[in-house]
Amino acid sequence: MIVTYNWLKEFVNFSETPEELAELLTMLGLEVEGMEKFGADMDDVVVAVVEEKQQHPNADKLSVCRVNNGKEILNVVCGAQNFKQGDTVALAQVGAELPGNFKIKKSKIRGEESSGMLCSEKELGLADESSGIVVLAKDIAPLGTPVFEALALKDTIFEIGLTPNRSDCLSAIGIARDIAAKLNLKLTPPDIAIIEGADEVSSSISVTIESPDICPRYAARYISGCRIAPSPEWLVKRLNAIGIRSINNVVDITNLVMMELGQPLHAFDCEHLSGSRILVRTAKEGESFTTLDNQQRTLTSTDLVICDAERPVALAGIMGGLNSEIEKTTTSILLESAFFKPAAIRKTAKRLGLHTESSHRFERGVDIDGVIRAIDRAASLIVALAGGVLAKGCVDIYPGKSDRVAISFRPEKANELIGIELDNDNIIEILTRLECKVLPSINGAFLVTPPHYRIDIEREIDLIEEIARLNGYDKIPATMPIAKVISDRPTKHQQIEIQLRELLVNSGMAEIINFSFTAPEAAGKLLLSEDDQRRTTIKLANPLIDEQSVMRTSLLPGLLETVARNLNFRSLDLKLFEMRRIYLPVEGEDMPREPLWIAGAITGSRDGGGWSRPNEAVDFFDVKGIVETVLDTFKIGGVSWDTDLLEPYYHPGKACRIMAGRECIGSVGEIHPIVQKNFEIEKTVYCFELDFEKLVKLAKSKTTITAPSRFPDSSRDIAMLIPEELQVSKVIESIKAVKAKEIEQIQIFDVYRGKGVPEGQKSVAVHIRYRSFERTLTEEEISELHKKIITNLTDKLKVTLR
Amino acid sequence: MREQLEKLKNITLQAIKESSSLEELQEIRINLLGRKGELTALMKGLGLLEPAERPIVGQLVNSVRDEIETALAAATESANQKLIARRLQSEQIDTSLPGRHPLKGTKHPVSLVIEEICSIFAGLGFAVAEGPEIEHDWYNFEALNFPPEHPARDMQDTFFVEKSLLLRTHTSPVQIRTMLKQKPPIRIIAPGTVYRCDSDATHSPMFHQIEGLMVDTKVTFGDLKGILTVFTNQLFGQKTGVRLRPSYFPFTEPSAEVDIACVICGGKGCRVCKNSGWLEILGAGMVDPEVYRHVQYDAENISGFAFGMGIERIAMLKYGISDMRLLFENDIRFLRQF
């Protein structure tokens, strides 16, 4: 809603400055979102008098003037002819900046000095065209007064962000009313002086409402013999100030009254209304209608139309029709002021994508009891500005009339809920200032009838809010609640989420957050098979763009896109993770599942290179190590790394599934070269994925601690050749199979292929550390145990000792 | 014999004095005191002396040996020290070279802010609650007193899924889910991802909110003011000015927008606060009776407040981020700064 300072001042005589008023409005819940000062930058254009005017010695069309600005007499060269010596003029002094970045400087024009400029309306931005300079009334203001001030053109334009409940403030009067209530000042509503002719309105027009459920009130007036012309200057300026283009006197009046009183109005050219009658009905399915903006609209049976005897002439509450608009030749007018139900208007406006000042107000609800005042105000202005005769009386069809119900209101409830202590007199005063009628009721309660224009006040709580609002939120003391102690700690789920994020961050990974929606092609890019569950996605009905049209079923596409984007910027060493939900439709159920998953990606050098480290690239075992640390932290044991049934987006030889017993809890591996290409990544990327819900289920919080042995250790190494296809984990299992409690640690310290190792074999070296909990082991005991391990290896696994 | 001893002593002491290494000192020791050493030999020769002379000469030998051993120990100590000093001198490194860093990871700023806010409210006894992001219209709108076709729905551009499902436009449905699950007293904080179909420098189609809800007996609007003042002071620093001004949300009444004194200019007015000196960071209010009706609470005997805030907005203010899109581009050069 746009309103100006001067306009508000016509209704309430406040003394606040524009800045103070803005603050006051904001603190009333009418947030001033923008403030623009009109004429404030024009103070260097002042009232001055031409004391002498002489022909320019070197130019026929110029004159040289001696101009008095109250302080000094200046030499000014002027090209205009429409003034004479002694005239009062608008002088732009040196330093003034006129619209269009026109800076006034001291200059010489054809040899004559000029210290300023005498301005035209156009140069001051007051008119599109002008001939000659402004000649002001003689004693308009003391010399030196800024011209905009002298002409009362200075104004401040406020842009107010209204909340949807305050439809009463979609008008200048509404905002003025709140100011008057807050400041306890008198409100002066606009003048309504109705002068009617002798002919009854009913002899010229008639109105029938066929859909009273959508149109509970329709009023009309008839004006004949008026003359359509451009609006007078004051009207054009007022509309311009609030961003409305002037069209002609009648249309401008309907717009002005709408902005002033909040009631949308429409003027029909009565000569184009067949039968001079109005019928309010719902549209026929598929009915076609051309609105004022020259768009043909196809209507449905839920749209409300205003018709004449034959056809629709307006889309009710939204826009008039091209067939009955006011034209230059119009002489008789049917003026409409009505009430349409918000939901119906909203539905139609939304469906047609047609949002107008009128529909905006009807959608939010106008004051059904303000209908007549608005039509009278507009009719009186039309007669005043366009002439003509106003027919006697007003057609007012009001089938939906109902009385405002009084609300039972308890002052103590208001105090209790707000946390203040106002006495009854205070409360009654506030309500009265808001134009509520207050009557005493039983048990100390009141019966409060809100003013008709406050359609948002229906319940006791609405009145309580008004008390808090008008009394001022700033007057409410900040207190701490008195509450019962609640014992609550984070759930296991929440705790693990926090711990896990911490753990991954401490592993050097940066957390990323990608959008939950992705492109439908994401599944294909991951090479998911046609029957993969993850191809079944939840689709958005109204996505912004196709790339964000389905809810993701995997974190990997986003992760890989992030890798690609970073590589493009030459950030080559990446360790990223994302811990977010994925969205999986559940067969036979409304609501999808939204499990939390964790995915990570690493690429580039292991530790960022630098002078002190070998610049080694990360590999599978780096990413596996991260997963192992996670499993270890949450004490998830007995995990196996299966190489069957691999995810299609991994390198088939460098990936595995993470199995906890028979349950797959995630995967880890090198990204398949084709997937890599699909995401436009040119470097090898290693990823992992973990199902958070399963992790939480398996995580153990209890730990059994073994006291460390106090006896010395002893170590032995085994170097062996094993077939390439034999997994090293089998070697470890074989060692463990000996089941000696003296084996403290088994560590693989070398895996080697190449020189000295036969083709098809690999050299593996294992370090075994022995220690007893009971005593110092003897050489013989250790050797015997070690021998047993070696025998096991050579006999059962066919390894060759080196 | 006496002269012999004196001579040996002098020669040895001189040799010790002139020795330059631990090895030389060791040699002197062996030559003199070893099994075949000169002094050892002299000691062995004591038996050949007259019995009366033995104690005198024996004493003399002992004293010479003591003197030499003391000198040897001192010389060894000094040689050792020289050795260490030499080693230290030869082992200098260039300490200006950078150290080896364990790789530092970072949390996403959105996570950081959520963690911080949750911990502030944990201290006030608020537990963390969660809810689905793909939500029913009923929880997201209707139960929160947004009837169908209500203009307040325009305040939140909604992504629709199908039937009555949509992507939640705010974390407020968690209020409804919590109240349906439990009876008062309630004190929860609900961080989460929300969606609105809007995208530019200050709007992202996906963003995050934190919702708070307290329902008990006799909770007042003043209490809401108190809790939010404590919260903003903890988050933005003590003495951060807070102001509540009237606003409208369908699910609270009275409703308020909560502003803090601009953290950039301190309230003087700048580009960030659009010269107002205030920054809007929160929406809040007393839970509307209509909401209680939907969850079958008796509005007459309880009262409570709810509030909600945008995480990105707070992250942007806290870290001085001017474009919201930076938060979701996941550029490592951006993320590494947190």
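Let's start with one word: two residues are "in contact" if their C-beta atoms, placed from the backbone, lie within 7 Å. By that rule, 73 residues of chain A are in contact with 65 residues of chain B. Keep in mind that this is a predicted model, where local features need pLDDT of at least 70 and side-chain atom pairs count only at pLDDT 80 or more, while totals for chains, interfaces and linings use all residues. Residues are numbered from 1 along each chain as its sequence is written, and chains are lettered from A and ligands numbered from 1 in the order in which they are written.

**Where chain A meets chain B**
- Helix α12 (residues 460–471) of chain A gives the most to the side of chain A that touches chain B, with 6 residues; helices here are DSSP runs of H or I with at least four residues, strands are runs of E with at least two, and both are numbered from the N terminus.
- That side of chain A splits into 35 nonpolar, 20 polar and 18 charged residues. Ala, Val, Leu, Ile, Met, Phe, Trp, Tyr, Cys and Pro count as nonpolar, Asp, Glu, Lys and Arg as charged, and the others, Gly among them, as polar.

**Domains 1 and 3 of chain A**
- Chain A is divided into domains, including domain 1 (2–32 + 162–183) and domain 3 (196–397), with bounds from an automatic or database domain assignment.
- The C-alpha centres of domain 1 and domain 3 of chain A are 27 Å apart.
- In chain A, 12 residues of domain 1 are in contact with 13 residues of domain 3.
- On the domain 1 side, β1 (2–4) and α4 (172–183) of chain A are the elements that each give two or more residues.

**A three-stranded sheet**
- Chain A has an open sheet of 3 strands in the order β1-β13-β2, with antiparallel pairing; strands pair if DSSP finds at least two bridges between them.
- β1 and β2 (31–38) of chain A are the edge strands, each pairing on one side only.
- β1(A) is joined to β13 (residues 155–161) of chain A by 3 bridges, and A:Thr4 has A:Ile157 as its bridge partner in β13(A).

**A covered strand**
- What about β17 (residues 265–269) of chain A: how many of its residues are buried? The count is 5 of its 5, where buried takes 20 or more other C-beta atoms within 10 Å of a residue's own, C-beta atoms being placed from the backbone.
- β17(A) pairs with β24 (residues 333–339) of chain A in the antiparallel sense over 5 bridges.

Key: A residue is buried if 20 or more other C-beta atoms lie within 10 Å of its own, exposed if 12 or fewer, and partly exposed in between; C-beta atoms are placed from the backbone.
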